[in-house]
Amino acid sequence: MTDSKFESTPPKSAPAFQVSAETHVDASPDAVYATVSDLPRSGEWSVECTGGQWISGTPATVGAVFRGENHRPEDVVAWAPVVRGGWTTESEVVEAEPGSSFHWAVRDRAGRRQESVWSFETRATDHGCVLVHRFWMGRHTEGIRGITAGMDPAEKQRFFADWTAKLTADITATVQRIKQVVEKS
């Protein structure tokens, strides 16, 4: 099921962030989907999300809301005023196609979905499937606006370059960890 607000239509301007990573997994798309859509298990593979819980709706279905527990070390893009240590986020599932795609949008403090969408997609191969993990941010979230509020143009450019590199490294590590988790099962 797809929420039309998040369909694949080209944005009017370049996205703030758009990163992806993929890997082959020796398991069926259904097995991989069952793992990645179980967000409370995220601590097994995520670089920052240590777990969490479903707080409303039927877990892993469109409209369900997940509260994630997160942790970021002090040395991550150390020069920028980003959240460090522990914090929580709330995210709403915006697409859930078993065996195919699972997407969630991070909500703002008022509970509105932001243009900050994480996703997992699978496609079958002769020997398992390809898992693709993506992050896309259109308009800046309230968090990004807060981080960059006091930055001059050069600092903003540096922040977006550094944060894109951090996101790319994180999702690359995440797909490799998911591969290990699923293939051990």
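# Salt bridges, rings and core in a predicted model

A search of the whole structure finds 15 salt bridges.

Me: What counts as a salt bridge, and what kind of model is this?

Reply: Side chains of opposite charge can pair when their charged atoms come close. The cut-off used is a side-chain nitrogen of Lys or Arg within 4 Å of a carboxyl oxygen of Asp or Glu. This is a predicted model, in which local features need pLDDT of at least 70, side-chain atom pairs count only at pLDDT 80 or more, and totals for chains, interfaces and linings use all residues. Residues are numbered from 1 along each chain as its sequence is written, and side-chain values use heavy atoms, with hydrogens and water left out.

Me: Which residue forms a salt bridge with R107?

Reply: The partner is E92, and the closest N and O atoms are 3.6 Å apart. R107 is in strand β5 and E92 in strand β4, 15 residues apart. Strands (E, at least two residues) and helices (H or I, at least four) are DSSP runs, numbered from the N terminus. E92 is buried at a relative accessible area of 14%; buried means under 20%, exposed over 50%, and partly exposed in between, with a 1.4 Å probe and protein chains only. A network of salt bridges links R67, E90, E92, R107 and R113.

Me: Is D108 buried or exposed, and is R112 buried or exposed?

Reply: D108 is buried, with a relative accessible area of 13%, whereas R112 is exposed, with 53%. Their side chains meet in a salt bridge of 2.9 Å, N to O.

Me: Where are R134 and E121?

Reply: R134 is in strand β7 and E121 in strand β6, 13 residues apart. The two form a salt bridge, with 3.4 Å between the closest N and O atoms. R134 is partly exposed, with a relative accessible area of 35%, and E121 is partly exposed, with 23%.

Me: How many aromatic pairs are there, by what rule?

Reply: Rings of Phe, Tyr and Trp (its six-membered ring) pair if their centres lie within 6.5 Å; planes under 30 degrees apart count as stacked, over 60 as edge-to-face and the rest as tilted. By this rule the count is nine. One of them, W54 with F66, is edge-to-face, at 5.4 Å centre to centre and 65° between the planes. W54 lies in strand β2 and F66 in strand β3 (residues 65-72), twelve residues apart. W118 and F135 make a tilted pair, at 4.2 Å centre to centre and 35° between the planes. W118 lies in strand β6 (residues 113-125) and F135 in strand β7, so this pair ties together parts that are 17 residues apart in sequence. One aromatic cluster is formed by F17, W118, F135, F159, F160 and W163.

Me: Which charged end sits over the ring of W79?

Reply: The criterion is NZ of Lys or CZ of Arg within 6 Å of the ring centre and within 35 degrees of the ring normal. For W79 the charged end is that of R158, 4.1 Å from the ring centre. The charged end of K166 sits over the ring of W163, 5.2 Å from its centre.

Me: Which residues touch the most other members of the largest nonpolar core?

Reply: In soluble globular proteins, nonpolar side chains tend to be buried together. A nonpolar core is a set of buried Ala, Val, Leu, Ile, Met, Phe, Trp, Tyr and Cys residues joined through side-chain atoms within 4.5 Å. Here the largest has 41 residues, and F17, V32, W54, F102, F159 and W163 touch the most other members. Its largest share, nine residues, comes from α3.
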